[in-house]
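Good morning, and thank you for coming.

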Amino acid sequence: MAGQTFHDRLVAAKHTIYGQNVEKAVCKATTEEIIGPKKKHLDYLIHCTNEPNVSVPELCNFLIQRTQQSSWVMVFKSLITAHHLMCYGNERFIQCMATSSCSFHLSNFVDRNAPQGYDMSTFVRRYAKYLNVKASTYRIMGADFCKMKRGKEEGVLRNMNTESLLKTLPILHEQLDALIDFDCNPDDLTNGVMNSCFVLLYRDLIQLFAAYNDGIINLFEKYFTMNKKHCKEALDIYKKFIVAMDKVSDFLKVAESVGIDKGSIPDLTKAPCSLLEEMENHLTFLEGKKAQTTSRTTSIQSAVSALNSTGSAFTNSISSAHELNGLTVDESMRRAVEEEAAVMNQLKEQRLKELATKPSADSNRKVPSPIPPPSVSSSVPGGHQWGSPKTSSRTGGANWSPASAPGSNFAGAPAVPPMGVGVPQSMVGMVNVPGYGYQPAILPTAMMAQQPYRMPAVWPTGVPVYAGQQPQMVHPQMQAQVMYGTPSPQHTVIQGTPTAGSVAGRPPSNDPFGVL
């Protein structure tokens, strides 16, 4: 099948219209092309798992929905994408996949339409089973065996106590057994989808077996100090390990035939057969059926040496890069990225500490002084300068400002922008701005105020006490009708107690109570 199908393009266009970039990347990575998922789409999805604003559960659910399609290509590529994110994505993804609600239910999957549908459906079912076991193992252990530390000093399984070791190794063996059950031959690796799947399985295999090898070495060192119950369990684990080692050897032969460099494939060094006999004899001795006569020091040392060489070979294989069909398995690159992220976090913390100890910049900041208004030349149309004493006696002259006004509360008001030069006198006025006082503004000629008229105040005689609290100014022409009291917008008071019926211009009422 060459190129994307019409259905693939239609689905991608739909997610583009709705702005669903994550779903679009999943659709692009799981098209019906018989090639492995493209690296650019996988890298984008890995980036999405590290973003806090991306819902990882929705990403998991969408991948599971893609596995419900009828095409084996789309289902297989969806499983590959999920596996890739488990290996290289943020740990939140595998944590979400480890929940009971997220799993691949493909035990009865069969594609009856495609030419290779029946053959490929078998590998789809096996692959889905392995991913389910991988997720359930993480749920039980709380960690991924493929990402556990290995080695004599920092190895998790190498330094584990006896009881935890006997509980952990069977779980590890179950995951390794599910991987080996994929059971593909070189003749089956005929397309890019199968090759991409095989590369990821190969990566998990060498890391799982390296961890398994560390656990067996720890088992050897503690076996002859265990009680009878623990010795019996340890002997069963070692027998399963020997069988798994043969299957791993067959898997590595297939990897060599696919095209992986022979120098990168680890060598398996088996423990001597005499060690198994001594372990069985020791268990028989603990059961009281046979006396112990042979020395076991030499066999233990040789077995540990053989397994150490196997572990170092697998560690070197993990550290090297393997590339096939555009997919790169590079452990050293991943570690370099993690180290770089750790250094960046340290620099960020150091910078935050410096900012915390540094004095606040606001306390040392100088408040700029108000900018004085620029001087206007005498050639300004309209005669004299605005703000001169001749202009208005209210403003206090050219040096007046809201802060200098007596009783002003606006000492901290921001500086007024300078007036424009060359504005005619007839077009400039003062506007009383709440909170800032009188400010210069350009006004149309029609809005210029005329000569102000001040109404002389006439204080009536015999005004009640309560009316004197708010004296009113009365025009001389209205002295015959003295206003007092507290007027409101609803009525006007004329020589009497204010009532709702009192209206300006009516004859004064003689009713002292203001009823009439």
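Is Tyr130 buried or exposed? Tyr130 is buried, because its relative accessible area is 1%; here buried means under 20% relative accessible area, exposed over 50%, and partly exposed in between, computed with a 1.4 Å probe on protein chains only.

Residues are numbered from 1 along each chain as its sequence is written, and side-chain values use heavy atoms, with hydrogens and water left out.

Let us begin with the chain as a whole. The protein chain contains 13 helices and 4 strands; these are DSSP runs numbered from the N terminus, with helices being H or I of at least four residues and strands E of at least two. Of the 516 residues in the protein chain, 39% are buried. Contact here means heavy atoms within 4.5 Å. Among contacts between residues at least 6 apart in sequence, 67% join residues at least 24 apart.

How confident is the prediction? The mean pLDDT of the protein chain is 73, and 56% of its residues reach 70 or more, where pLDDT is the predictor's confidence in each residue, from 0 to 100. Over residues 375-393, pLDDT stays under 50, and the model has 26 contacts beyond four places in sequence for them. The pLDDT is also below 50 over residues 476-505, a stretch with 44 contacts in the model beyond near neighbours in sequence. Where pLDDT is low, the predicted coordinates should not be read in detail.

Now back to Tyr130, which is found in helix H7, residues 117-141. Leaving aside neighbours within four places in sequence, Tyr130 is in contact with His83, Gln175, Ala178, Leu179, Leu201, Asp204 and Leu208. The C-alpha atoms of Tyr130 and Asp181 are separated by 8.5 Å, although these residues are 51 apart along the chain.

Leu208 lies in helix H9 and counts as buried, at 0% relative accessibility. Beyond its neighbours within four places in sequence, Leu208 touches Tyr130, Phe145, Cys146, Leu172, Gln175, Leu176 and Leu179. Its C-alpha atom is 9.2 Å from that of Met148, 60 residues apart along the chain.

We turn next to helix packing. Two packed helices are described by the angle between their axes and the distance between the axes. The axes are lines fitted to C-alpha atoms, for helices over the stretch in contact, and angles run from 0 to 180 degrees between N-to-C directions.

H5 and H9 pack at an angle of about 30°, with their axes 10 Å apart. They are therefore roughly parallel to each other; angles under 35 degrees count as roughly parallel, over 145 as roughly antiparallel, 65 to 115 as roughly perpendicular and the rest as oblique. The crossing of H5 and H9 is left-handed, meaning that the near helix is turned anticlockwise from the far one by less than a right angle, whereas clockwise would be right-handed. The residues of this contact divide into 11 nonpolar, 3 polar and 3 charged. In this scheme Ala, Val, Leu, Ile, Met, Phe, Trp, Tyr, Cys and Pro count as nonpolar, Asp, Glu, Lys and Arg as charged, and the others, Gly among them, as polar.

How does H3 meet H5? The axes of helix H3 (residues 39-49) and helix H5 (residues 72-88) come within 10 Å and cross at roughly 50°. That makes H3 oblique to H5, and their crossing is right-handed. Leu42, Leu45, Ile46 and Thr49 in H3 meet Thr81, His84, Leu85 and Tyr88 in H5. By class, this contact has 5 nonpolar, 3 polar and no charged residues.

Helix H3 also holds His41, which is buried with a relative accessible area of 14%. Apart from neighbours within four places in sequence, His41 is in contact with Ala25, Lys28 and Ala29.

Finally, a point about the backbone. Asp183 has a positive phi of about 50° although it is not a glycine. Most residues other than glycine have a negative phi. Asp183 is placed in the loop between helix H8 (162-180) and helix H9 (192-223).

Thank you for your attention.

Key. This is a predicted model: local features need pLDDT of at least 70, side-chain atom pairs count only at pLDDT 80 or more; totals for chains, interfaces and linings use all residues.
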